[in-house]
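Colleague: Could you take a close look at the aromatic side chains for me? I would like to know what they pair with and how they sit.

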Amino acid sequence: MVSSVMQGGCICENAPLLRLFAGNPEIAGLTAPRPLLLISDTGDWTRDNPDTVAPHLKRVYGLFRAEGQFAHAHYNEGHQWGAEPRRAYYEWIARVWRLPRTPQDPDLRWESLLPALRVWGDALPKPSDAPTGDAVLRLYQRLAGESVARWRRTRRFEAEARAALLSMLGLERGDDARDDPVPDAWQGVLPSRRYARLVVALGEASVRRWQRDGYAIVRLPELPRPAPKTDYAYLATYNLTPDTARARTLLGVLMRLKPRATRLAVAAHGEWATLSGIACALAQVPLDAPSLAEPEPLDLPCYDRLGGAATLRQILASPK
């Protein structure tokens, strides 16, 4: 589904974090310099291909001096796989594969394919105890919970959990967040000099114990959720959610501050407890957050599948 205005059509095609920071035209461009036929139509979300997508792909193929390997066919038939685009495809595939003749539409009724597409049938009857509806989700949740519990007992758990959290934030390494811009609301608050002991406070976190122990306190102002770039239903497929963006921003700040403090910790409360938990687990900075719990109503893709707050508690450094 190569379009600059539509990235997919169903939730089954649009898992969160599937292709962060990459749209379908970019993915299609990875085909270069191999042969590629782009078929589009004025009657669906590929309508922008002649003006936007096809020129982009032509430039990509030009980088390989392989412009002849790219072809584009545009129609006005509506959202369907009609006779004209099929003919264009058959002619293209015959040329690319050097077939002795151009393929034709098969003499096949689509209804004849249904038995092969069904899970249950005469050869494989549906079991009487097969779960349906919400019971399928409950079964999945139970099995997923059991698998996470087993995972936490393995030697590879901490490294894999941190890798998964990095993926949630669109990062390969925690250090990469250091180059992210600092929000305007935090610009004038962050210290520039070195500290022996420093605590970053978020939300309404109490810092009395840290003050008693001689820590300098930097309380970051409330950072509102950034507005999504679009209200498109599958935004999290190729963009950070507003909440993962906030967690990544905090991680970047902690990575900047670590070289400036002999001892660095974070104190957080409310929804910032969970966001700070993610950032601190990746920065390996101790977290003081008694309210760390499940993240409602935060939008953190795959967080529950990783084991949620229990996983964070296991990989977080304890405050001294």
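**Aromatic rings and their partners**

Modeller: The charged end of Arg-193 is placed over the ring of Tyr-195, 4.1 Å from the ring's centre. Keep in mind that this is a predicted model.

Now the ring-to-ring pairs. A pair of aromatic rings is described by the distance of the centres and the angle of the planes. Searching the whole structure turns up seven aromatic pairs. One of them joins Tyr-61 and Phe-70. Their centres are 5.7 Å apart, with 35° between the planes, and the pair is tilted. Tyr-61 is buried. Phe-70 is buried too.

Tyr-89 and Tyr-90 also form a tilted pair. The figures are 5.9 Å centre to centre and 55° between the planes. Are these two tyrosines buried or exposed? Tyr-89 has a relative accessible area of 32%, so it counts as partly exposed. Tyr-90 has a relative accessible area of 16%. The cut-off for buried is under 20%, so Tyr-90 is buried.

Notes
Residues numbered from 1 in each chain as written. Predicted model: local features only at pLDDT ≥ 70, side-chain atom pairs only at ≥ 80, totals over all residues. Heavy atoms only, no water. Phe/Tyr/Trp six-rings, centres within 6.5 Å; stacked < 30°, edge-to-face > 60°. Buried < 20%, exposed > 50% of the residue type's maximum accessible area, 1.4 Å probe, protein only. Lys NZ or Arg CZ within 6 Å of the ring centre and 35° of its normal.
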